Amino acid sequence: MRKSLILCCAVLSMIGTQSFANESYADTQEMYNFITISAEPVIKKGIKEAKHNVATIFNYHENDSYRVYCRVNNLTTIFLQPGEQVLGIDGGDTSRWNVKSTQTGSTQGPIEIIQVKPQYFQPGNLLKTNLTVTTNKRFYNIELVSCKEWYNPIVKFTYPTDIIREQIFKQSTQEEMTLMNPEELNYKYSVSTKKYPFSPTQIFDDGNKTFMLLREKLQEMPTFHMKEGKKLLMVNYRVKGKYIIIDRTFEKGVLTLGNKKVYIKNKGINK
């Protein structure tokens, strides 16, 4: 009787252990299904353009490295995105490579550039190093190669993620404005001044929402408050592209940036 009881307990223990193992395996598989394997990093090369000594343009991806070809006695200039600020530059070989950063103007605003020049060329044993650039927006890992004849004089980047984001904003704004009846829009707004860069160039509403069209290339966005007497009231609004969209109409409002203010009056509101 005692032996039978011991055998029964052993069998139950084995069944329990197997059941626990199966559950643990199932849990592990379920957890594994949630794990996203990172895409393999890619080394993008500007060799085709370098052989013709012309500019090369890379599509930026945060996991990729970029191989840039340089030439002794020539500068390779790397352009970053307009508005992007360099926080740090580190080079693997600072004794045989000259690297400096500066800023230049463009139609899109100030641009940070990085200038690279190798001091030597070694036949049969290419002079190589890497350069890491940290900015307020992203991280760049750049491989530098010193060549004898050909090189990349200019290196630029496109940013597919930013392009997609801008297209989404543009599309959503257009869709929102497409729903309006143009004949019912109210354009009867006045502003206290147009001298500030953030002064709206156009204001209108559809009876439910108010749209303020701002100028391009604003460095900072103003804040908006509705004005009732001497009180400034917070309202729901958002920025889409060049528009400030306010989720209501108002009689008086104010745009503020620092100590500067632009007062807005709706002359077409039904009282």
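User: Before we look at the cysteines, what counts as a disulfide here?
Analyst: A disulfide is counted when a pair of cysteine sulfur atoms lies within 2.5 Å. Keep in mind that this is a predicted model, in which local features need pLDDT of at least 70 and side-chain atom pairs count only at pLDDT 80 or more, while totals for chains, interfaces and linings use all residues. Residues are numbered from 1 along each chain as its sequence is written, and side-chain values use heavy atoms, with hydrogens and water left out.

User: OK, so how many disulfides does a search of the whole structure find?
Analyst: The search of the whole structure finds zero disulfides.

User: Is Cys-70 buried or exposed? And Cys-147, buried or exposed?
Analyst: Cys-70 counts as buried at 0% relative accessibility, and Cys-147 counts as buried at 4%. Buried means under 20% relative accessible area, exposed means over 50%, and partly exposed is in between, using a 1.4 Å probe and protein chains only.

User: Switching topic, where is Tyr-189?
Analyst: Tyr-189 is in strand S11, which covers residues 189-191; helices (H or I, at least four residues) and strands (E, at least two) are DSSP runs, numbered from the N terminus. Tyr-189 is also buried, with a relative accessible area of 14%.

User: What does Tyr-189 touch?
Analyst: Leaving aside residues up to four places away in sequence, Tyr-189 touches several residues, including Phe-204, Thr-210, Phe-250 and Asn-266, where contact means heavy atoms within 4.5 Å.

User: What joins the side chains of Tyr-189 and Asn-266?
Analyst: A polar contact of 3.1 Å joins those two side chains. A polar contact is a pair of N or O atoms within 3.5 Å; within protein, one must be able to donate a hydrogen and the other to accept it, and residues adjacent in sequence count only if both atoms are side-chain atoms.

User: You mentioned Phe-204, so which residue does Phe-204 stand opposite?
Analyst: Phe-204 stands opposite Phe-211 in S13. Strand S12 (residues 202-205) and strand S13 (residues 210-213) pair in the antiparallel sense over four bridges, and two strands pair if DSSP finds at least two bridges between them.

User: What do S12 and S13 form?
Analyst: S12 and S13 form a hairpin with four residues between them, and in the turn Gly-207 has a positive phi of about 95°.
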